[in-house]
Amino acid sequence: MKQLAILGSTGSIGQNALKVVAAFPERFSVAALAAHSSVDLLAEQIHRFRPEVAVVIDANRAAQLRDRVGNGPPVQILHGSDGYAAAASLPSVHTVLTAMVGAAGLMPTLAAIDAGKSIALANKETLVMAGDIVMARAREKEVSILPVDSEHSAIFQCLAGNRRQDLDRILLTGSGGPFRTRDRESFAAITVEEALAHPNWQMGPKITIDSSTLMNKGLEFIEARHLFDVPPERIEVVIHPQSIVHSMVAYADGSVMAQLGAPDMRGAIAYALSYPERLALKLPVPDFAALGQLTFEAPDMDKFRCLALALKACEGGGTLPAVLNAANEVAVEAFLDHRLPYDGIAAVVEETLARCGSTRSVDMAGILDADRQGRVVAAEVATRLGPR
Ligand code: MG
């Protein structure tokens, strides 16, 4: 029985992970659940999965949660950053699934690594912000970090059984999002509703917007660079609108391995939780004859400025990716709140990167500092730019 801590249990990844847990009760149990503020759903999850510990963002929500759980199952309810760290390092926990949204995932993931837990990593911002530090810490603690992001799970699977020195490059695929064929001139008019309608994947609002701007692909590029210790020049983004190929790896002899499957997050989640075994999830195998064709194209870097900016930040290194991420979080929130037009997201990120500059060699304090500074500058730029 593998005991899990699920950080971000009320989000899209968290809910899918609990579906996997529910389907394989003989393999997994839940020791800790952590959410931000979805108290009602978390209370339901506590009743169903009976964790030892549950965590929410603040004391107010913790009181609400105690109220909702009432005379239900016994559970220790904690809150705030100490609470998240406690859930991540709970003695009974074997694997921590980090599925919190954004920069909030960084410190709990580090706490889990320090406590020697296996990590199922869904929070890509952890590696975007502090990839060098996090990967070094994981090596030092001999902790494995297994990817939950579908692309990185695919790359991980394509690397299995091959020699690393034979790797030529990683081909990171992405659907291109809902605006792949839309004119750049009309980007300013894109509404929140349009941007939240992703063609292939069902996800939370932040990552759905990131997928539409291709910032998600940029963050994944930086994530891949750290997770697989591959320099940026050996990672290539390929647009593949059908989302059937989840990514590929090319070898020195020109041979390419790809991992394919239906776009359903349970595949990557289950693989990270049960590696090296494959669970009988019975997700439908794609009907290739019905699909007819799989297509591929180069990303349009002029149209999708966020991807170009992320690649530049990856190249520059240091604190630039942390600033990029902070600016993007602020800009996406402003867009979702109707305080910034859609094309303002890239503009905020670009100006914030230019104004914040970068420090090359960084420690954790430097990263958190860059994150704070990035947020302040981005908020200023967002206020100036929008709404239109
Ligand atoms: Mg992904």
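I began with the rule for a salt bridge: a side-chain nitrogen of Lys or Arg within 4 Å of a carboxyl oxygen of Asp or Glu. The model is predicted, so I kept the limits in mind: local features need pLDDT of at least 70, side-chain atom pairs count only at pLDDT 80 or more, and totals for chains, interfaces and linings use all residues. Residues are numbered from 1 along each chain as its sequence is written, and side-chain values use heavy atoms, with hydrogens and water left out.

**Entry 1. Salt bridges.**
How many salt bridges does a search of the whole structure find? I got 25. I then went through some of them.

I looked up Asp-168 with Arg-169 and found a salt bridge, with the closest N and O atoms 2.9 Å apart.

Next I took Arg-375 and Glu-329, whose side chains meet in a salt bridge at 3.0 Å, N to O. Arg-375 sits in helix H16 (residues 364-385) and Glu-329 in helix H14 (residues 320-336), so this pair ties together parts that are 46 residues apart in sequence. I took helices (H or I, at least four residues) and strands (E, at least two) as DSSP runs, numbered from the N terminus. Are the two ends of this pair buried or partly exposed? Arg-375 is partly exposed at 25%, while Glu-329 is buried at 13%.

Arg-355 and Glu-351 form another salt bridge, at 3.2 Å, N to O. Both lie in helix H15 (residues 344-356), 4 residues apart, about one turn of the helix. Arg-355 has 41% relative accessible area and is partly exposed. Glu-351 has 23% and gets the label partly exposed.

I also found a network of salt bridges that links Lys-124, Asp-149, Glu-151, Lys-217 and Glu-220.

**Entry 2. Domains.**
I used bounds from an automatic or database domain assignment. They give domain 1 (2-147), domain 2 (149-263 + 272-298) and domain 3 (317-388). The centres of domain 1 and domain 3, over C-alpha atoms, are 27 Å apart. Contact means heavy atoms within 4.5 Å. The contact takes 10 residues from domain 1 and 11 residues from domain 3.

Buried area is the accessible area (1.4 Å probe) that two parts lose on being put together, summed over both. For domain 1 and domain 3 I read about 780 Å², 75% of it on carbon and sulfur atoms.

I counted two strands as paired if DSSP finds at least two bridges between them. Strand E8 (residues 167-174) pairs with E9 in the parallel sense over 5 bridges. Thr-173 stands opposite Val-238 in E9. Strand E9 (residues 235-239) is mostly covered, with 4 of its 5 residues buried.

Last, I checked Gln-259, which lies in strand E11 (residues 256-260). At 18% relative accessibility, Gln-259 is buried. Neighbours within four places in sequence aside, its contacts include Ala-154, Cys-158 and His-246.

Terms used: Buried < 20%, exposed > 50% of the residue type's maximum accessible area, 1.4 Å probe, protein only.
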